[in-house]
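I opened the model to look up a few things and kept notes as I went. The entries follow in the order in which I made them.

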Amino acid sequence: MTTQIEAAPLAVPPAHTQRSPAYFAWRRFVANKAAVAGGAVLAIIVLAAILAPLFTKTDPSAQAYLTQSLAFPSAEFWFGVDDLGRDFFTRVVYGARVSLSIGFAAATCSLLIGIPIGAVAGYFGGKIDWFIMRVIEIFSVVPPLLAAMLLGALTGGGYLTIIIIASAFGWFGVCLLVRAQVKAFREKEFVRAARALGASPWYILRRHLIPNSLSPIIVGFVLSMPGAMMLEASLSFLGIGVAPPTPSWGQMINVGINFMFFYWHMAVFPTAALAITVLATTLFGDGLRDALDPTLKGR
């Protein structure tokens with residue numbers, strides 16, 4: 001007597017259990033505690049800058065407390081009062097608007113410059129790529145701060161000048177990321193198929209290669225913000241950045257240095273605000289890089 005043993009059917013995971021790449025990227029990001037902490041701190045700073053009028057006492061330029069100038073931090077004045085009778089907490093919070101807006105604007109301009117140049121260099125190669133790489137090498141060897149000081153002194157500084165200077169020295173980082181990604185994808189099957197169907201190089205770049213470079217573009221955007229914020233603080237510290245009375249962390253640090261030995265709060269709070277913001281943005285950007293490109297993890 002023979003018995004037949006029926007083979008058990010292979011288990012096929014249901015469709016709803018299949019995960020997208022975005023899901024795994026999110027899992028990798030959440031697993032990075034430093035990146036999550038950096039993102040949370042950055043979100044708080046951004047919300048504080050946007051909602052500043054709702055929880056600050058006065059206008060940041062209002063000299064409403066002249067009789068209490070240089071008062072130390074207290075329950076009434078959380079960060080004290082500056083030398084001109086202005087609530088220092090209010091000025092530090094409004095200073096976040098300047099730093100974050102310059103960082104965001106400069107990073108956006110860097111993308112607008114770096115993406116098309118990097119895509120063209122990566123796709124066409126040859127002499128075009130050689131020329132673009134030589135231009136990048138020239139920008140790479142010029143110290144950004146020294147060049148920014150020269151241009152700032154010639155133009156008188158200001159908000160728009162800082163954005164232009166930061167963009168001029170931030171685009172090539174994005175360019176190199178996009179160039180590498182486009183070079184890696186330009187010989188893939190879907191690009192060859194589009195080329196065989198008669199698609200133009202510009203159509204392939206616009207519809208296929210640049211969208212597939214979204215991950216390094218996002219990372220490049222986030223990581224270019226700290227450099228722009230530090231450049232603004234450096235120029236404002238030297239007196240050729242954002243002009244007073246607009247609150248700027250670099251400008252406040254410059255003034256606070258004169259009072260450092262007697263009124264410590266004048267320099268400590270804007271310095272801490274700048275350091276925390278730059279650190280949070282850098283940690284968040286590093287976490288995005290590791291989440292979107294897991295091959296870089298552990299390097």
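**Entry 1: salt bridges**

How many salt bridges does the structure hold? I found seven salt bridges. I used this cut-off: a side-chain nitrogen of Lys or Arg within 4 Å of a carboxyl oxygen of Asp or Glu. Side chains of opposite charge can pair when their charged atoms come close.

Before going on, I noted that this is a predicted model, where local features need pLDDT of at least 70, side-chain atom pairs count only at pLDDT 80 or more, and totals for chains, interfaces and linings use all residues. I also noted that residues are numbered from 1 along each chain as its sequence is written, and that side-chain values use heavy atoms, with hydrogens and water left out.

I looked up Glu 137 next. Its salt bridge partner is Arg 134, and the closest N and O atoms are 2.7 Å apart. For helices I used DSSP runs (H or I, at least four residues; strands are E, at least two), numbered from the N terminus.

I then checked the cover. Glu 137 has a relative accessible area of 41% and is partly exposed. Arg 134 is partly exposed as well, at 27%. The classes are buried for under 20% relative accessible area, exposed for over 50%, and partly exposed in between (1.4 Å probe, protein chains only).

**Entry 2: Arg 289 and its partners**

Which residue forms a salt bridge with Asp 286? I found Arg 289, with the closest N and O atoms 3.8 Å apart. Both residues lie in helix α13 (residues 265-292), three residues apart, about one turn of the helix. Asp 286 is partly exposed at 24%.

Arg 289 also forms a salt bridge with Asp 290, where the closest N and O atoms are 3.6 Å apart. Is Asp 290 buried or exposed? With 15% relative accessibility, I put Asp 290 down as buried. Arg 289 has 31% and counts as partly exposed.

Elsewhere I noted one network: Asp 82, Arg 86 and Arg 91 are joined by salt bridges that share partners.

**Entry 3: Glu 232, a charge without a salt bridge**

I turned to Glu 232, which I located in helix α11 (residues 214-237). Glu 232 is buried and has no salt bridge. The nearest side chain of opposite charge belongs to Arg 91, 10 Å away. For charge, Lys and Arg count as positive and Asp and Glu as negative, while His and the chain ends are not counted.

What joins the side chain of Glu 232 to that of Ser 248? I found a polar contact of 2.5 Å. A polar contact is a pair of N or O atoms within 3.5 Å; within protein, one must be able to donate a hydrogen and the other to accept it, and residues adjacent in sequence count only if both atoms are side-chain atoms.

Leaving out residues up to four places away in sequence, I listed what Glu 232 touches: Val 98, Ser 99, Ile 102, Ile 162, Val 242 and Ser 248. Contact here means heavy atoms within 4.5 Å.

**Entry 4: loops**

I looked up Thr 56 in the loop between α3 (52-55) and α4 (88-124). Thr 56 is buried, at 12% relative accessible area. Its side chain reaches the backbone oxygen of Ala 52 at 2.7 Å. Beyond four places in sequence, Thr 56 touches Phe 89, Thr 90, Val 93 and Tyr 94.

Leu 70 is in the loop between α3 and α4. I noted a positive phi of about 65° there, although Leu 70 is not a glycine. Leu 70 is buried, with 16% relative accessible area.

Pro 143 is in the loop between α5 (126-141) and α6 (144-155). It is partly exposed at 42%. From Pro 143 to Phe 169 I noted 26 residues in sequence and 9.2 Å in space, C-alpha to C-alpha.

**Entry 5: the whole chain**

I counted 13 helices and zero strands. The radius of gyration is 25 Å, well over the 19 Å that the globule rule gives for 299 residues, so the protein is more spread out than a compact globule. The radius is taken over C-alpha atoms, and the rule is 2.2 Å times the number of residues to the power 0.38.

The C-alpha trace spans about 105 × 65 × 30 Å along its principal axes. Buried residues make up 41% of the 299.
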